[in-house]
Amino acid sequence: MYLYIAGLVVLFYVYRWFRELGRVSNKSEKFVYITGCDTGFGNLLARHLDTKGFRVIAGCYSEKGEDELKKICSDRLITLHLDVTDNENVKKAAETIKSLVGQKGLWAVVNNAGIAFPTAPNDWLEIEDFTPMINVNLIGVIAVTLSVLPLIKKAKGRVVNVASVFGRISTLGGAYCITKYGVEAFNDALRRQMAPFGVKVLCIEPGFFKTIVTDFNIVESTLHRLWNKLPQEVKDEYGSDYVDKTKLTAKELLEKLADGDLMKVVSCMEHAVAAVHPRTRYSPGWDAKFFWLPLSYMPTFISDALLLKKAVQPKASIL
Ligand SMILES: NC(=O)c1ccc[n+]([C@@H]2O[C@H](COP(=O)([O-])OP(=O)(O)OC[C@H]3O[C@@H](n4cnc5c(N)ncnc54)[C@H](OP(=O)(O)O)[C@@H]3O)[C@@H](O)[C@H]2O)c1
């Protein structure tokens with residue numbers, strides 16, 4: 001009986017592996033618009049899809065990002081200045097894309113641009129610490145998607161949203177998890193609403209990878225900057241060694257979990273863009289697959305107990 005079940009499981013994985021091998025044809029006629037191509041996953045994806053033969057439209061936040069990409073990529077790749085929080089800029093970019101893609105429409109948009117700081121206990125923050133990140137990570141994703149959705153419907157193409165494991169479990173203070181939960185919600189409704197039009201909506205939920213988003217030096221400087229602004233009453237509640245202990249925990253966590261192989265994420269993005277049968281969700285990274293996602297499915301009392309056990313406690317803690 002067990003052997004029979006194991007056989008069925010193996011058969012299922014072999015079938016899925018085989019089904020997922022196929023890639024779409026006519027890549028040189030397919031335009032892919034990617035946001036946040038200056039660094040990290042977006043930069044690597046732009047270069048990767050360019051070598052695969054796609055017509056990449058790389059949205060870059062900085063002039064330097066545009067120049068560097070142009071230097072190393074083929075003539076097919078086009079760069080655009082893109083600040084996803086500037087609605088005029090987003091609309092102007094969509095107009096440019098419309099004139100580039102013509103009647104064929106846009107094959108895919110990859111909503112990759114994102115920021116992750118400030119991240120700190122919520123009672124250290126002010127509302128002004130939340131809004132910029134919400135504007136980039138969530139409003140930016142929605143604005144860019146809506147700006148090109150008619151072109152994607154025309155191509156029966158794809159929307160690829162980069163969320164995070166922190167769109168499945170919320171452990172961080174600040175806007176990061178809030179925005180990624182929002183991206184998941186937008187993604188799921190859009191996937192069902194676009195299915196009748198032949199548009200596929202896919203979500204990437206990476207674990208920890210070594211990019212600016214997980215840079216320990218920024219974690220450290222953000223913690224110090226916010227701590228220095230706190231009222232004495234809050235500092236007393238947390239205790240003078242709280243920042244040092246938190247830094248140590250963050251450093252250990254990042255050293256243990258942050259994966260240097262960004263291609264694990266980029267391969268999932270490429271699959272979402274180029275596979276004939278893409279997956280609805282991708283969870284690149286061992287920590288995503290074997291820690292964060294299983295944790296997200298656990299009953300709340302278990303996930304709370306595990307996370308609280310690992311977290312640095314404030315001096316005034318009653319736990
Ligand atoms: N690294 C991880 O562990 C991890 C895990 C899960 C999810 N993610 C997600 O993956 C995505 C890519 O992040 P990454 O890790 O590759 O980090 P990254 O290297 O910092 O890439 C983010 C990109 O977004 C750009 N950007 C920032 N603000 C922007 C704005 N207002 N408009 C347009 N572009 C803007 C940045 O440009 P500048 O460099 O010029 O500022 C940068 O090129 C993000 O959505 C992030 O949340 C990352």
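This note goes through a predicted model point by point, from the whole chain to single residues.

1. Ground rules. Residue numbers start from 1 along each chain, following the sequence as written. Because the model is predicted, local features need pLDDT of at least 70 and side-chain atom pairs count only at pLDDT 80 or more, while totals for chains, interfaces and linings use all residues.

2. Overall make-up. The chain has 12 helices and 7 strands. These elements are DSSP runs numbered from the N terminus: helices are H or I with at least four residues, strands are E with at least two. The C-alpha trace spans about 65 × 60 × 35 Å along its principal axes.

3. Overall packing. A compact globule of 319 residues would have a radius of gyration near 20 Å, and the chain, at 21 Å, agrees with that. The radius is taken over C-alpha atoms, and the globule rule is 2.2 Å times the number of residues to the power 0.38. Of the 319 residues, 37% count as buried. A residue is buried if 20 or more other C-beta atoms lie within 10 Å of its own, exposed if 12 or fewer, and partly exposed in between, with C-beta atoms placed from the backbone.

4. Contacts. Two residues are in contact if their C-beta atoms, placed from the backbone, lie within 7 Å. Among contacts in the chain with a separation of 6 or more, 74% are between residues 24 or more positions apart.

5. Ligand surroundings. How many residues surround the ligand? There are 29, and the closest are Gly36, Gly40, Ala113, Gly114 and Thr211. A residue is counted here if its C-beta atom, placed from the backbone, lies within 6 Å of the molecule. By class the shell holds 14 nonpolar, 13 polar and 2 charged residues. Ala, Val, Leu, Ile, Met, Phe, Trp, Tyr, Cys and Pro count as nonpolar, Asp, Glu, Lys and Arg as charged, and the others, Gly among them, as polar. Helix α2 (residues 40–51) gives the largest share of the shell, 3 residues.

6. Helix α7. This helix covers residues 216–229, and its 14 residues should span 20 Å at 1.5 Å a residue; the end C-alpha atoms are 20 Å apart, which agrees. The expected span is 1.5 Å times one less than the number of residues. Val219, Leu223 and Leu226 are buried in α7. Seen down the axis, these buried residues fall within an arc of 75 degrees, so they line one face of the helix. The arc is that of the directions from the helix axis to the C-beta atoms. An α-helix has 3.6 residues a turn, so residues three or four places apart point the same way. On the other side of α7, Asn217, Ser221, His224, Arg225, Asn228 and Lys229 are exposed. The cover over the buried residues of α7 includes α9.

7. Helix α11. The 12 residues of α11 (residues 286–297) should span 16 Å, and the end C-alpha atoms are 16 Å apart, in agreement. Which residues of α11 are buried? They are Asp287, Ala288 and Trp292. Their arc around the axis is only 85 degrees, which puts them on the same side of α11. The face turned away from that buried side carries the exposed residues Phe290, Pro294 and Tyr297. Here too, α9 (242–257) is included in what covers the buried residues.

8. Backbone details to check. The peptide bond from phenylalanine 117 to proline 118 is cis, with omega near 10 degrees. Proline 118 sits in the loop between β4 and α5 (127–155). Asparagine 26 is not a glycine, yet has a positive phi of about 50 degrees. Asparagine 26 lies in the loop between α1 (2–19) and β1, and counts as exposed because it has 9 C-beta neighbours inside 10 Å. Lysine 156, also other than glycine, has a positive phi near 50 degrees. Lysine 156 is in the loop between α5 and β5, and its 13 C-beta neighbours inside 10 Å make it partly exposed.
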